[in-house]
Structures are given as structure tokens and as C-alpha cells.
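User: I have a structure to study and some questions about it. Can we go through them one at a time?

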Amino acid sequence: MRVLGIETSCDETAASVVALDGGSAPEILSNVVLSQIEEHAAFGGVVPEIAARAHVEALDGIIEAALADSDVSLDQVDAIAATAGPGLVGGLIVGLMTAKAIAAAANKPLIAINHLEGHALTARLTDGLDFPYLLLLVSGGHTQTVAVRGVGDYQRWATTIDDALGEAFDKTAKMLGLPYPGGPNVEKAAASGDASRFAFPRPMKGSAQPDFSFSGLKTAVRQAASAIAPLSDQDVADICASFQAAVADALGDRVARALARFRKEFPGKANPALVVAGGVAANRTIKATLEALCSEAGFAFVAPPQKLCTDNAAMIAWAGIERLRAGMAGENAADFAPRSRWPLDSVSAPLVGSGRRGAKA
Ligand code: KG4
Ligand code: ZN
């Protein structure tokens with residue numbers, strides 16, 4: 001089985017070919033990702049119109065490169081899988097329309113993929129994980145815990161009631177004059193900071209409601225920064241370190257809750273696992289906190305390689321393969337319209353913002 005995947009939901013233009021032959025492990029034959037970070041950096045966040053235009057300009061070449069790298073020709077692929085949502089609608093239109101055109105011209109089925117399903121199933125591509133497992137998705141647009149029970153069978157257990165975690169990092173960086181994207185720069189500054197200098201709040205810590213919240217923390221950072229302005233480099237480092245410690249503590253509390261729920265809901269599951277995905281998973285303080293929680297709770301901690309944790313098309317191609325082999329590819333998606341909002345779990349009641357807020361939402 002070979003599937004060409006296309007991803008254009010935010011600020012990465014990506015294409016990939018993934019293969020699954022018989023009983024052997026899946027293989028990523030190509031994985032081409034063009035980041036638009038430089039085009040958006042001057043604006044301190046993703047500008048939807050710029051993103052859509054950049055996708056239009058780059059996508060043909062990226063798809064060509066992915067096919068060339070994989071040594072697979074278009075008539076050798078079994079299907080085209082494209083992200084159809086959620087995301088910025090301009091980018092989604094570019095990717096999905098391109099996929100429809102290729103599918104029609106090559107006479108191949110088209111599979112419309114939910115971007116979040118791509119993230120949710122990546123650990124099966126990289127680590128061959130069995131269902132069920134717990135997913136923590138922490139990116140610029142999403143902060144969710146999801147019980148991944150099967151292909152197409154997801155239950156969202158918690159989401160953010162305001163900002164996504166990556167967005168909180170990006171906004172904090174902006175307030176402190178650090179460049180975009182904020183996450184890596186906050187982490188870098190934090191390395192030489194004193195995490196105990198500022199006692200920032202731990203939003204939702206101890207709350208019976210399982211969700212996340214980060215906007216109060218961001219406000220506390222703003223107040224602390226303006227109280228001691230102008231900021232020295234050491235002040236910035238101390239604020240970053242204190243912010244990161246608060247985030248790790250609050251996130252750890254929420255994840256511990258989800259691990260306990262997982263134990264309760266899947267008591268028979270041997271070797272349960274927590275999978276992390278999204279750009280924020282790169283943060284070493286956060287990773288160390290999650291690793292410690294997992295070892296305490298008897299969970300395996302699975303962090304796919306960074307390249308497959310952040311937005312890419314291999315996860316979309318893989319979701320296409322998962323759907324094909326489960327007989328869940330659906331009708332040929334030639335009529336499928338892009339969806340800027342598309343929750344993985346149609347049962348959980350949407351919260352304010354549904355876990356997607358800010359520039360990347
Ligand atoms: O998954 P991703 O590449 O893109 C989407 O949001 O879809 O995530 C990007 C987010 C940004 O908000 C960025 O600031 C954050 O991940 N990020 C980090 C780190 N690296 C990236 N946040 C904290 N620490 C990091 N090292
Ligand atoms: Zn993503």
C-alpha cells in the first residue's frame with residue numbers, strides 16, 4: 001500500500017509518500033516539509049493570507065519532490081490523502097483542491113484526513129503502538145488530551161478553555177521581546193534563569209474539571225514584566241524560567257489526572273502509553289516532567305521524532321493508510337469541503353474556542 005499525503009493546514013507546506021507492505025513495518029519513503037516561519041516572523045505570528053499564498057506557490061514543487069524522493073510514480077500510489085481540516089481555510093483549500101485535481105487526473109481515490117487524526121495515529125507509524133493509548137497534543141493551535149481507541153475512534157478528555165500552550169509560549173516571548181516562534185526562544189532564555197524568582201499561577205491545578213487554561217498565566221507574566229521594566233537580560237531569563245516551571249507544573253497536574261482516568265477506563269490494558277505530539281513537546285523541561293509522571297504511573301512515554309511530532313505530511317499519508325486498511329477511507333472525497341473547525345471527537349461538548357485559539361487556530 002502506498003499513499004501520497006498532502007498537508008497545508010497551517011504554515012508548513014508538506015508532501016510525503018508512506019508505504020506499508022505485507023506484515024512489515026511501515027516505511028516513510030519521502031517526507032518533504034517547507035516551513036513558512038520566515039515569511040511570518042516579521043508579524044510575530046501566522047498571517048492566514050500570506051500562508052495561503054505561500055502554499056499556492058510551493059505545493060506543486062513540494063509534491064514533485066516528495067514523489068521524486070520516494071522513487072514512486074503517481075500511478076504506483078494507491079490513494080491521495082490530504083488534510084481537509086481543521087486549520088486555516090485558505091491553506092486547506094489549496095491542499096484539498098490540489099489533491100482532488102491529482103486524484104481525478106490519476107484516477108486514484110482521495111481520502112480527506114482530519115489533521116488531528118494525523119497527529120493521533122503517528123505513534124503507530126513510528127512505534128507500532130497498539131490501541132488504546134493516551135495522546136497529549138500540545139502545539140501552537142491545540143492543547144488536548146485524547147483517548148485514542150481505534151482508527152476513527154477518539155475521545156477528547158480535555159482541551160484548553162482559552163490559549164493553546166504553544167500560543168502561551170509565543171505570546172510570552174513577544175511580551176519579552178524575544179523573536180518568533182517563541183517556544184524555542186523562551187526555552188533558551190530560561191536555561192540561564194532563576195525559576196524561583198517569580199511565583200506565577202498554576203492555572204487549573206487541582207481542579208476537578210479536566211481542562212487546561214493558560215491565559216491567566218500569560219497575564220501574570222505581563223504584570224510581572226511591566227512591574228520591573230525596563231528588563232535586563234537576566235530579568236527576561238528569570239521570567240522565562242519561572243513561566244516554564246509554572247507551565248510544567250500545571251501541565252503535569254492535568255496529565256496526571258488523565259493517566260489516572262486512563263487506568264480506570266482501560267483496566268485491562270497492559271503496558272499503557274502516553275504519546276506526545278506537537279511543537280511544544282520539544283521542550284526539555286516539559287518532556288522531563290512528563291517522563292517522570294509516566295514512570296511514576298507505570299506508563300510508557302512515547303515521543304515520536306520531532307520531525308514527525310510537528311506538522312508534516314507523513315502523518316497524513318499514514319492516516320490514509322490506516323483508513324484504507326480499516327476499510328474506512330469513506331466515499332471518494334471529491335465533494336468534501338474543507339473544514340476550518342473539525343473536532344476529532346464529535347461527542348465531547350465544544351468548549352469556548354474548542355481548544356483552538358490564536359494566530360495558528
Ligand atoms: O506543532 P507545531 O510545529 O505547529 C502547530 O502549532 O501546528 O507547534 C508550534 C508551536 C509554537 O507555538 C512554538 O512556539 C512551540 O510549538 N514550540 C515550543 C518549543 N518548540 C516549539 N514551545 C516550547 N518549547 C519549545 N522548545
Ligand atoms: Zn498540527
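User: Leaving aside its neighbours within four places in sequence, which residues is His55 in contact with?

Analyst: This is a predicted model. His55 sits in helix 2, which covers residues 48-70. Setting aside neighbours within four places in sequence, its contacts are Thr8, Cys10, Glu12, Thr13, Gln36, Gly91 and Val94.

User: Is His55 buried or exposed?

Analyst: The cut-off for buried is under 20% relative accessible area. His55 has 0% relative accessibility, so it counts as buried.

User: What is the length of the polar contact between the side chains of His55 and Thr13?

Analyst: Thr13 is among the residues in contact with His55. A polar contact needs N or O atoms within 3.5 Å. The side chains of His55 and Thr13 make one at 2.9 Å.

User: How far is an oxygen atom of ligand 1 from an N or O atom in the side chain of Asp170?

Analyst: The shell around ligand 1 has 17 residues, and Asp170 is listed with the closest, along with Gly140, Glu187, Gly279 and Asp311. Glu187 brings a polar side-chain atom to 2.7 Å from a nitrogen atom of the ligand. For the side chain of Asp170 and a ligand oxygen, the distance is 2.6 Å.

User: How much of the accessible area of ligand 1 does the protein cover?

Analyst: Backbone atoms take part around the ligand too: an N or O atom of Val280 is 3.5 Å from one of its oxygen atoms. On its own, ligand 1 has 550 Å² of accessible area, and the protein covers 90%.

User: Which element gives the most residues to the shell around ligand 1?

Analyst: Two elements give two or more residues each: helix 5 (165-175) and helix 6 (182-190). The top contributor, with four residues, is helix 6.

User: Why is helix 6 largely enclosed by the rest of the structure?

Analyst: Its buried residues are Gly182, Gly183, Asn185, Val186, Glu187, Ala189 and Ala190. The cover over them includes helix 5, helix 8 (233-265) and helix 9 (284-297). Helix 6 is largely enclosed because its buried residues number seven of the nine.

User: By class, how many residues in the shell around ligand 1 are polar?

Analyst: Gly counts as polar here. The shell holds three nonpolar and four charged residues, and the polar ones number ten.

Key: Residues numbered from 1 in each chain as written. Chains lettered and ligands numbered in written order. Predicted model: local features only at pLDDT ≥ 70, side-chain atom pairs only at ≥ 80, totals over all residues. Heavy atoms only, no water. Near = heavy atom within 4 Å. Polar contact = N/O pair within 3.5 Å; in protein donor to acceptor, adjacent residues only side chain to side chain. Areas by Shrake-Rupley, 256 points an atom, 1.4 Å probe, with all protein chains shown as cover. Buried < 20%, exposed > 50% of the residue type's maximum accessible area, 1.4 Å probe, protein only. Contact = heavy atoms within 4.5 Å.
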